[in-house]
Amino acid sequence: MFKSILVPIDLADTDLAKPAIATAATLSQTWNGAVRLLNVLQMTPVMLAEYVPADFETQQRETSEEALAIVARESGIAAARISYVVRQGGIYHEILEEASAIKADLIVMTSHRPAMRTYFLGSNAGHVVRYAKCSVLVVRH
């Protein structure tokens, strides 16, 4: 049923992602599916561009890819069934784009317990749940 599972990860808080990765690992094993880890780098604001090194975005991408490789190795998912990618842009937009690109059957992501501010402003998880064309499993932390 779930042959392609996307797991967005915020590398600034990998502990938050652990329940989603564990859930994806179980589903991947159950359905013999593939797991794609995703990290989204936000664009450097134009106002700050002159203050960062010329290769800042390249350095960020390389650092993120190295961190995702470690997360993938530690996930418990067979190397043949896990991959990772780094995208750059708006978080929920890039999650939805990657889900479409890999034809994901399921997006598994974690979310903090809702607070009043998320009811009014929305959140990345909320946007993904509303606009994804596949099933979304939100694992509460």
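Is A104 buried or exposed? A104 is buried, with a relative accessible area of 9%. Here buried means under 20% relative accessible area, exposed means over 50%, and partly exposed lies in between, using a 1.4 Å probe and protein chains only. This is a predicted model, in which local features need pLDDT of at least 70, side-chain atom pairs count only at pLDDT 80 or more, and totals for chains, interfaces and linings use all residues. Residues are numbered from 1 along each chain as its sequence is written, and side-chain values use heavy atoms, with hydrogens and water left out.

Start with the overall plan. The protein has six helices and five strands. Helices (H or I, at least four residues) and strands (E, at least two) are DSSP runs, numbered from the N terminus. Read from that end, the elements run β-α-β-α-α-β-α-β-α-α-β. Of the 141 residues in the protein, 39% are buried. Next, look at contacts, meaning heavy atoms within 4.5 Å. Take those between residues at least 6 apart in sequence: 80% of them join residues at least 24 apart.

Now return to A104. This residue lies in the loop between α4 and β4. Leaving aside residues up to four places away in sequence, A104 touches S4, L6, A99 and C134. A104 and A34 are 70 residues apart in sequence, and their C-alpha atoms are 9.4 Å apart in space.

S4 lies in strand β1. S4 is buried too, at a relative accessible area of 13%. A polar atom of the S4 side chain lies 3.3 Å from the backbone oxygen of I102. Beyond four places in sequence, the residues that S4 touches are A34, I102, K103, A104, D105 and L106.

K103 sits in the loop between α4 and β4. K103 is not a glycine, yet its phi is positive, about 55 degrees. At 65% relative accessibility, K103 counts as exposed. A second case is N32, in the loop between α1 and β2. N32 also has a positive phi of about 55 degrees without being a glycine. N32 counts as exposed, at 53% relative accessibility.

Which of its residues are buried? They are E94, I95, L96, E98 and A99. An α-helix has 3.6 residues a turn, so residues three or four places apart point the same way. The cover over the buried residues of α4 includes β1 (4-8), β2 (34-41), β3 (82-88), β4 (106-111) and α6 (124-131).

How does α4 meet α6? The two helices pack at an angle of about 40 degrees, with their axes 9 Å apart. Axes are lines fitted to C-alpha atoms, for helices over the stretch in contact, and angles run from 0 to 180 degrees between N-to-C directions. The crossing of α4 and α6 is right-handed. From α4 come I91, Y92, I95 and L96; they meet N124, H127, V128 and Y131 in α6. By class, this contact has six nonpolar, two polar and no charged residues. Ala, Val, Leu, Ile, Met, Phe, Trp, Tyr, Cys and Pro count as nonpolar, Asp, Glu, Lys and Arg as charged, and the others, Gly among them, as polar.

Last, go inside. In soluble globular proteins, nonpolar side chains tend to be buried together. A nonpolar core is a set of buried Ala, Val, Leu, Ile, Met, Phe, Trp, Tyr and Cys residues joined through side-chain atoms within 4.5 Å. The largest one here has 22 residues, and I5, V7, I9, V35, L37 and V108 have the most contacts inside it. Elements giving two or more residues to this core are β1, α1 (14-31), β2, α3 (56-74), β3 and β4. Helix α1 supplies the largest share, six residues. Another core lies apart from this one; its 15 residues include L38, I95, L96 and I107.

Follow V108 to see such packing in detail. Not counting residues up to four places away in sequence, V108 touches I5, L6, V7, P8, A20, T23, L27, L137 and V139.

Notes
Polar contact = N/O pair within 3.5 Å; in protein donor to acceptor, adjacent residues only side chain to side chain. Left-handed = near helix turned anticlockwise from the far one by under 90°.
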